[in-house]
There are 2 protein chains.
Amino acid sequence: MKYPLSIQNLINHFSCLPTVGPKTAERYVFYLLKKNSEDLKRFSLALSELKEKTTICKNCFAISESNPCNICSDERRNKSVICVVADTRDMISIESTEKYNGLYHILGGVINVINNITPENLNINQLLNRIKNNNIEEIILALNPDLEGETTSMYLTKLLSAQGGSALGGKFKNIKITRLAKGLPTGANLEYADEMTLANALKYRNEL
Amino acid sequence: MKYPLSIQNLINHFSCLPTVGPKTAERYVFYLLKKNSEDLKRFSLALSELKEKTTICKNCFAISESNPCNICSDERRNKSVICVVADTRDMISIESTEKYNGLYHILGGVINVINNITPENLNINQLLNRIKNNNIEEIILALNPDLEGETTSMYLTKLLSAQGGSALGGKFKNIKITRLAKGLPTGANLEYADEMTLANALKYRNEL
């Protein structure tokens, strides 16, 4: 015997979420069964409105409720710096530091040969167009320091540097290209830090 | 800066689920953003229909789409045996063995002094009424072998046994009360089994 159809149906939907198996989905559904109908209606509404109320910003490709997004249309932000991130979540993480006042560009992923994600699948041409058509002084590459992120950073650096830039019309010569610092994370323990992290922390050590 | 309102709203709803924190909820929502609107609509519908389409069986108190539930109304089932479980999920677990053909009674929890769940909060009186008004031969106590489950089993045993039964009209004298066997689970490793399990396995050893 199985669960009643309406319960099994919802379990199946929850099971599709990443890291959620049938047992976890069951737990979610039985938790929701104890909630009142009003709460479920609100949850259901939030779910159905998710796609309808959100859009992709035409400038930076962030998921947003307005187009252009709040950041692109904010007059107080520094329009000469673009921070390149893989997705909207990374943008939110950087925003939450409250230490960055420039614009963003969402690539929509990183180059990944195994998953067949090539530069053509990313918003790289759109980035080049933004750089061509605006007065950009600095590009910050804020991609994950893993294999795919580093590959993408290298690709973008070649594309945007003096040589690559000249191939694209010589317009990018004066743009500064930076990337996020590598080193020990806050609260780290030297004893447990991996060799790569420690090697980077040594290589990029700061003068006091 | 925070997420767009419609995204934050859905993150908050997912965060209410057991074991889901804000980071996991974010992950769910960004996964759902990649799905098409149709899928989201179906998910949303399943959620809103959950409460509307389900009810509690008046006999056994299982969550069901019909009243009485499929099991209570199934003529082929043995109506003289009642298996007492804590909730509907436990019933489904036992059903999935396909080795039980009797009825169920869902207590709606177990006695838990810390969480203030007393016998009055459980469907115990309803169980006594079912026993009084039907020709029941056996009650199987299928509660978790933990402190709360054992307490509840002991309470029910006292209530249903000859002595307690006589206090309730002497009608329960001939009812057999059983509980699920204790011992080693399939695939267990003696080396890693805890003392209680091993002690029970010894105590309830079977003749070959």
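Start by colouring by chain and selecting the contact: 37 residues come from chain B and 37 residues from chain A, with two residues in contact if their C-beta atoms, placed from the backbone, lie within 7 Å. This is a predicted model, where local features need pLDDT of at least 70, side-chain atom pairs count only at pLDDT 80 or more, and totals for chains, interfaces and linings use all residues. Residues are numbered from 1 along each chain as its sequence is written, while chains are lettered from A and ligands numbered from 1 in the order in which they are written.

Next, select helix 3 of chain B, which gives the most to the side touching chain A, with twelve residues. Helices (H or I, at least four residues) and strands (E, at least two) are DSSP runs, numbered from the N terminus.

Now move to chain A and show its two domains, domain 1 (5–53) and domain 2 (79–182); the bounds come from an automatic or database domain assignment. Their centres, taken over C-alpha atoms, are separated by 37 Å.

Then pick A:Ala62, A:Val84 and A:Tyr104, which touch the most other members of the 56-residue largest nonpolar core. Such a core is a set of buried Ala, Val, Leu, Ile, Met, Phe, Trp, Tyr and Cys residues joined through C-beta atoms within 7 Å, buried meaning that 20 or more other C-beta atoms lie within 10 Å of the residue's own. Helix 3 (residues 37–53) of chain A gives the most to this core, with five residues.

Zoom in on A:Tyr104: not counting residues up to four places away in sequence, A:Tyr104 touches A:Cys60, A:Ala62, A:Ile71, A:Ile82, A:Cys83, A:Val85 and A:Met91.

Note on methods
Buried ≥ 20, exposed ≤ 12 C-beta atoms within 10 Å, placed from the backbone.
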